[in-house]
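Dear colleague,

I am handing over the structure below, together with some notes on what turned up when I went through it. Please have it open beside you as you read.

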Amino acid sequence: MNVKNNKRRKESQEKIEKAFIELLQTCELKAITVSDIIKNTGLNRSTFYANYIDIFDLADKTREKLENDFSNLFSDYDYFNERTGALKMFTHIKENQLFYKTYFKLCYDDKHLVSIYDTERAEKEHIDSNIKYHIEFFRNGLNAIIKMWLANGCKESPEAMAEVLQQEYRGR
């Protein structure tokens, strides 16, 4: 029985996602085929199509998984810009570099990796009609810092990167 959350199905999805991420490191999304994935996983074509509509559906589900994992990191924090929250974020990115590189390679960063911005706090501290610009500036700046750090192989420690963010943001 092909139940949505059964163990075999989850294992198949994990194999497919892993093969997909590995292929993305050397190929563009549009060049990856279902045949490439099933060849790398040893699974049947029908297994792929039982889980995904096509390669783009797989890409979307991979992105959604990352965004959910990222958001769950901060479910217990009141404010994102606390040093502990930034440290937790940079630690997670360093430990999951391949996944984050994949996320940015898929060009989904226009949807903003940082989707956990505390708008209530921002509105209290920036009481004017330009809050939407502040939020956009913060999100894009943070994504740029993360991309640069990833491109350089995460050479700086997560602590150093949290300090960079804190210095740039200066508690505003």
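A residue is called buried here when its relative accessible area is under 20%, exposed when that value is over 50%, and partly exposed in between. Cys154, with a relative accessible area of 2%, therefore counts as buried, whereas Cys27, at 24%, falls in the partly exposed range. A search of the whole structure for disulfides finds zero. Please bear in mind throughout that this is a predicted model.

Helix 1 spans residues 7-24 and includes Arg9, which counts as buried because its relative accessibility is 16%, below the limit of 20%. Arg9 and Ala50 are 41 residues apart along the chain, and their C-alpha atoms are separated by 9.1 Å.

Helix 2 covers residues 34-41, and within it Val34, Ile37, Ile38 and Thr41 are buried. These four lie on the same side of helix 2, because the arc they cover around the axis is only 95°. After helix 2 comes Gly42, which has a positive phi, near 80°.

How do helix 1 and helix 2 lie relative to one another? Their axes come within 9 Å and cross at roughly 115°, and the crossing is right-handed. On the side of helix 1 the contact is made by Lys15, Ile16, Ala19, Phe20 and Leu23, while helix 2 contributes Asp36, Ile37, Asn40 and Thr41. Sorted by kind, the residues of this contact comprise five nonpolar, two polar and two charged ones.

Some of these names return around Leu58, a residue of helix 4, which runs over residues 55-73. Leu58 has a relative accessible area of 0%, and is therefore buried. Leaving aside residues up to four places away in sequence, Leu58 touches Ile16, Glu17, Phe20, Ile37, Phe48 and Tyr52. Among these partners, Ile16 and Phe20 also belong to the helix 1 side of the contact with helix 2, and Ile37 to the helix 2 side. Phe20 is 38 residues from Leu58 in sequence, and the distance between their C-alpha atoms is 8.2 Å.

Definitions and conventions: Residues numbered from 1 in each chain as written. Predicted model: local features only at pLDDT ≥ 70, side-chain atom pairs only at ≥ 80, totals over all residues. Heavy atoms only, no water. Helix = DSSP H or I, 4+ residues; strand = E, 2+ residues; numbered from the N terminus. Buried < 20%, exposed > 50% of the residue type's maximum accessible area, 1.4 Å probe, protein only. Disulfide = S-S within 2.5 Å. Arc of directions from axis to C-beta. Contact = heavy atoms within 4.5 Å. Axes fitted to C-alpha atoms, helices over the stretch in contact; angles between N-to-C directions. Left-handed = near helix turned anticlockwise from the far one by under 90°. Nonpolar A, V, L, I, M, F, W, Y, C, P; charged D, E, K, R; others polar.
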